[in-house]
Amino acid sequence: MITGTGGVGKTCLAADYCRSAADEANGGVDVLIWVTANTTPAVTGAYAQASRELELVPSSENTASAAEQFLNWLRLTDRSWLIVLDDVHSAGVLEGLWPPRRTAGRGRVIVTTRSRESDLAAASGHPFLSVGVFTPEESLTHLRYTLQRAVPAGADAELAGLADDLGHLPLALSRAAAYLDYNASCSIARYRRLLADRRLTLERLIPAVRGSAATNSLAALWDISVEQANQHTGMLARPMLELAAVLDGATGIPAPLFTSDTARNWLTERSKADRPVDEFDAEHTLATLDRLHLIDHTPGEGCDDAWLVRMHQLIQRAVHEHVPPGSSPDIRSQRRNAVLPAAAHALLDIWPDTGHDQDHAQRLRASARSLAIHDQVGESHPLWQDDTAYTLLFRLGTSAGESGDIAWARAHFDALCSLAHQHLGADHPHALFARSELSRWQSRTGDHAGAVRTLERLEADHIQLFGYEAPETLVTRHNLAVERGEAGDVGGAITALKEVLAVRQRNGASRGAILATLHNLCYWMGVAGDAAEAASAYRRLIPLMGEEFGADADGTLTARHNLARWLGESGNAAEAVSLLEALLPDQTRALGPRHLRTLITRQSLARWQGSAGETDKAIAGYQALIPDMREVLALTIPSCSHPGTTSPICRQEAIRPPQAKTSPPSLPTEPESWAPTTATHSAPDRATPCVWAGQKGRRKLYKRWKTSSVTSDTISRQKIQAPSAPVTASPSCVAMQEHPRQPSPSF
């Protein structure tokens, strides 16, 4: 029993077997019958016709009786026979009509089906033989054999690219070859450009071959299966495929997306169901689509519960291009305008606040990129027409950068700034947020001068919109101070951060904002050359951060890393090693073993082990780290640098505690922005030299310099908690995120 999706060549395999069987040296096949077995009447009629042609019954015999006589003959005859049951939809179609398993002579049966339903195998008594798409090597061989035109010896790269474009589907490759032979003036390169043009449909680019037996278009082949799935799922199959069609079906779509609230609302609306679609309905629909080979619903690698949905790219395109009979001319545009925001919200529903599972995050990013590409096709931009769907693009850029794809994140936010300006307006909070994020990734790529220019323009706009001492403006002033320090003006950075701290103290800013500013001042004091004082300040700051944000909060972990660095820089390498050895398991548990910051801690540990005389451990640490770093960053590890230098690739920043999820979120949850948003929305920060001392049983937090102190009483009046809902798109309550800087551990 040959099973596979439409277009993989099931019928061709059966036909080839029939030709081989007919030519066998021992007499071949006496009786060969080919039955298009998609309905019970079709099978009964074919059996009755065979019975009459074999003169088993008179021509006047009724169809049912003649079919029964044919089955009896198959059981008793000593002649060899071969029956092909092509395109069987379900076991019920052949109930009472299966050829006999035990015969007096030599009988063979071949079944082709798009279903992988276990009932079929049980009813037929034959195991499944799954047939998929070609391998790249098979595709190349097939194209070279099929194309009638002369193909230059150096054209393999173009042919391989064409095979990739068509997803190595055998029928699509054959029809593409026929198209190229028919249109001799069309080069392979030009045909690939036409395929990439989403304004052209598959029906035009991969048409049915005139004069051939296969007269249906590719889309029509799959439409049969879709309609069958619709009948089994209460019309939920096509709406679910519409969601999957705009996501990345090759990388794999996390299955929970299709049972999310947004996805089920989409299914309810599109199917016009008389009741809300529940999780059981959605799971049943996935199972049905899988059984009919329209999707592959399989466990992900390495995790039994991480089920994925994969969908062939041409099936995706066929679903996307589907136009029901009698529909309005703009039905495809209307569907696109509805499905893209729905898919975006469904992705946001399942996108975690932290990137602990890097494989999962990579799949989410792949589908988000697919949506971004779909959004840029045509004149309308559905993601930007929805109130919040476009925030998926912010989440995409942040996640990509956090995963190590820093250059891509910078380019993405550069483009996002233009899109936000175009669709939202220059003063919209999310347009301002995009510019803040651009400065962050400019910094992470080492372009601190570019980050300074971006933040200087943003600072001017914030002052005009909100005022010089507004929380939003202070965030930008804070980030600008840090970037000036990164660009070489360390003294200017410290002075500017002191000014920001003074304003925040005077205006009663949140404790989180103050601690974050102190955190960054600690760091820049160390960079300025006072490593011992920086370490001393961090010793006093870390307990306060743990108390405020939690021991596993990324800001707290970052401060612990910085304490180890400045201890090492001040000559205490042994204690730096001890602190990093304690930090590494905590960071691994909180962020995951493949997180960039975890790798940075391993790098720092190896460095200070070397400085402490533990050379063997340092070498072993670097040897284990380098392949992991290459894998995560997909970059060549930078060349070894002097212990006093820093590397933009390994810059570490802090993050705020996770916020309660709502659907759909407005601003994307920001994995690298540290402090929580407060009631006044003065946000996260980057850090400073501070000390605290016990005085009559009370803690007092002091600025290191000659400015007024902030006591614990002052701080305690501004309790910070993560908001129950994300920041809304209102100028008065959107906070830009400040990013604490941590230098890379030097080699």
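Reader: Leaving aside neighbours within four places in sequence, which residues is serine 399 in contact with?
Author: This is a predicted model, and in it serine 399 is in contact with Trp351, Ala361 and Arg365, once neighbours within four places in sequence are set aside.

Reader: Where does serine 399 lie?
Author: Serine 399 lies in helix α18.

Reader: And is serine 399 buried or exposed?
Author: Serine 399 counts as buried, because its relative accessibility is 10% and the cut-off for buried is under 20%.

Reader: Staying with α18, how does it pack with α20?
Author: Helix α18 covers residues 391–402 and helix α20 covers residues 429–444. They pack at an angle of about 10°, and their axes are 12 Å apart. That angle makes α18 roughly parallel to α20, because angles under 35 degrees count as roughly parallel.

Reader: Which residues make the contact?
Author: From α18, the contact is made by Thr391, Phe394, Thr398, Gly401 and Glu402. From α20 come His430, Phe433, Ala434, Glu437, Arg440, Trp441 and Arg444.

Reader: How many of those are nonpolar, polar or charged?
Author: Four are nonpolar, four are polar and four are charged in the contact of α18 with α20.

Reader: Why give both an angle and a distance?
Author: Because two packed helices are described by the angle between their axes and the distance between the axes.

Reader: Let's zoom out. How many helices and strands are in the chain?
Author: The chain has 30 helices and 11 strands.

Reader: What share of the residues counts as buried?
Author: Of the 747 residues in the chain, 54% count as buried.

Reader: What about the accessible surface?
Author: The accessible surface of the chain is about 31100 Å², and carbon and sulfur atoms account for 52% of that.

Reader: And contacts, how many join residues at least 24 apart?
Author: Taking the contacts between residues at least 6 apart in sequence, 69% join residues at least 24 apart.

Reader: On to strands. Why is β4 called largely enclosed?
Author: Strand β4 spans residues 107–113, and six of its seven residues are buried, so the rest of the structure largely encloses it.

Reader: Which way does β1 run against β4?
Author: Strand β1, residues 2–3, runs parallel to β4, and two bridges join them. Isoleucine 2 has threonine 112 as its bridge partner in β4.

Reader: How many bridges between β3 and β4?
Author: Six bridges, with strand β3 (residues 81–88) and β4 pairing in the parallel sense. For valine 84, the bridge partner in β4 is isoleucine 110.

Reader: What's the strand order in the open sheet with β6?
Author: The order is β6-β8-β7, three strands with antiparallel pairing.

Reader: How many bridges pair β6 with β8?
Author: Two bridges, antiparallel, with β8 covering residues 307–310. Isoleucine 253 has valine 309 as its bridge partner in β8.

Reader: Last topic, where does valine 277 lie?
Author: Valine 277 lies in the loop between α12 (261–271) and α13 (279–291). With 6% relative accessibility, valine 277 counts as buried.

Reader: What does valine 277 touch?
Author: Not counting residues up to four places away in sequence, valine 277 touches Leu236, Arg264, Leu267, Thr268 and Ala282.

Reader: How far apart are valine 277 and asparagine 265?
Author: Valine 277 and asparagine 265 are 12 residues apart in sequence, and C-alpha to C-alpha they are 7.1 Å apart in space.

Conventions
Residues numbered from 1 in each chain as written. Predicted model: local features only at pLDDT ≥ 70, side-chain atom pairs only at ≥ 80, totals over all residues. Heavy atoms only, no water. Helix = DSSP H or I, 4+ residues; strand = E, 2+ residues; numbered from the N terminus. Buried < 20%, exposed > 50% of the residue type's maximum accessible area, 1.4 Å probe, protein only. Contact = heavy atoms within 4.5 Å. Areas by Shrake-Rupley, 256 points an atom, 1.4 Å probe, with all protein chains shown as cover. Pairing = 2+ DSSP bridges. Axes fitted to C-alpha atoms, helices over the stretch in contact; angles between N-to-C directions. Parallel < 35°, antiparallel > 145°, perpendicular 65-115°, else oblique. Nonpolar A, V, L, I, M, F, W, Y, C, P; charged D, E, K, R; others polar.
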